[in-house]
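Here is a short note for a colleague opening this entry for the first time. Please keep the structure in view while reading.

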Amino acid sequence: MSQKSLVEEMQQVQLAIELIELGARLQVLETETDLSRARLIRLFKEVRGMSPPKGMLPFSTDWFITWLPNVHASLFYNIYRSLIVEQECERMQAFVTAYRLYSEQVSIDQAEPVLGLTRAWTLVRFFESDLLQLSTCNSCSGHFVAHAHTPDQDYVCGICMPPSRAGKTRKRREREAEEAVSREVSLKRVG
């Protein structure tokens, strides 16, 4: 039986803490670290102040193909791929860095994050299993998440050709209605 060095164990704990802080589920931690389940649960409770959530991980590639998730998944995966290929980062270092950069970009754009850490991890796993591929848009030349082995010679992304209902969510309609009411109230005060 080989003994883990203290440094290796500390690195595993540090990785687990980073992943927990970013919102990782227990299954992600179990897969990506060598720490025991009991130790991960204790660590999760210590870092988050609660027990890890239960339930299944996302298991369908279809979610990543729908319009808004596809834009976010493509942004994240292109960052991740760039860190792996161009910066030669180690897989999990690239993953954590890419997720932080994705989150930062979403907050700069004042958008809501669509891709949680667990979904981002699942996305990477789907690419590693050859269930997904990057297809190049014929219009903008961007690289977007698509089902693997899908013919993509005529591919046009969801940004260049958004679906008719793109961006018309209930939250957006409610926010626009609230903004209209507040504008109306401020106009009445002025007038």
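Predicted model: local features only at pLDDT ≥ 70, side-chain atom pairs only at ≥ 80, totals over all residues.

1. The protein has 7 helices and 2 strands. Along the sequence they follow the pattern α-α-α-α-α-α-β-β-α. The radius of gyration is 21 Å, well over the 16 Å that the globule rule gives for 191 residues, so the protein is more spread out than a compact globule. Its C-alpha atoms fill a box of roughly 80 × 50 × 30 Å along the principal axes.

2. Of the 191 residues, 34% are buried. The exposed surface comes to about 12,300 Å², and carbon and sulfur atoms supply 53% of that. Among contacts with a separation of 6 or more, 52% join residues 24 or more positions apart.

3. Look next at the largest nonpolar core, which holds 41 residues. Leu19, Leu29, Phe76, Phe95 and Leu123 touch the most other members. Helices H1 (6-22), H2 (26-32), H3 (37-48), H4 (67-85), H5 (91-108) and H6 (117-128) each give two or more residues, as does strand E1 (132-136). H5 gives the most, with 8 residues.

4. Leu123 deserves a separate look. Beyond its neighbours within four places in sequence, Leu123 is in contact with Phe64, Ala73, Phe76, Tyr77, Leu132 and Val145.

5. E1 and E2 (residues 143-147) run antiparallel and are joined by 5 bridges. The two strands form a hairpin with 6 residues between them. In the turn, Ser141 has a positive phi of about 70 degrees.

Methods:
Residues numbered from 1 in each chain as written. Heavy atoms only, no water. Core = buried A, V, L, I, M, F, W, Y, C linked by side-chain atoms within 4.5 Å. Buried < 20%, exposed > 50% of the residue type's maximum accessible area, 1.4 Å probe, protein only. Helix = DSSP H or I, 4+ residues; strand = E, 2+ residues; numbered from the N terminus. Contact = heavy atoms within 4.5 Å. Pairing = 2+ DSSP bridges. Rg over C-alpha atoms; globule rule 2.2 N^0.38 Å. Areas by Shrake-Rupley, 256 points an atom, 1.4 Å probe, with all protein chains shown as cover.
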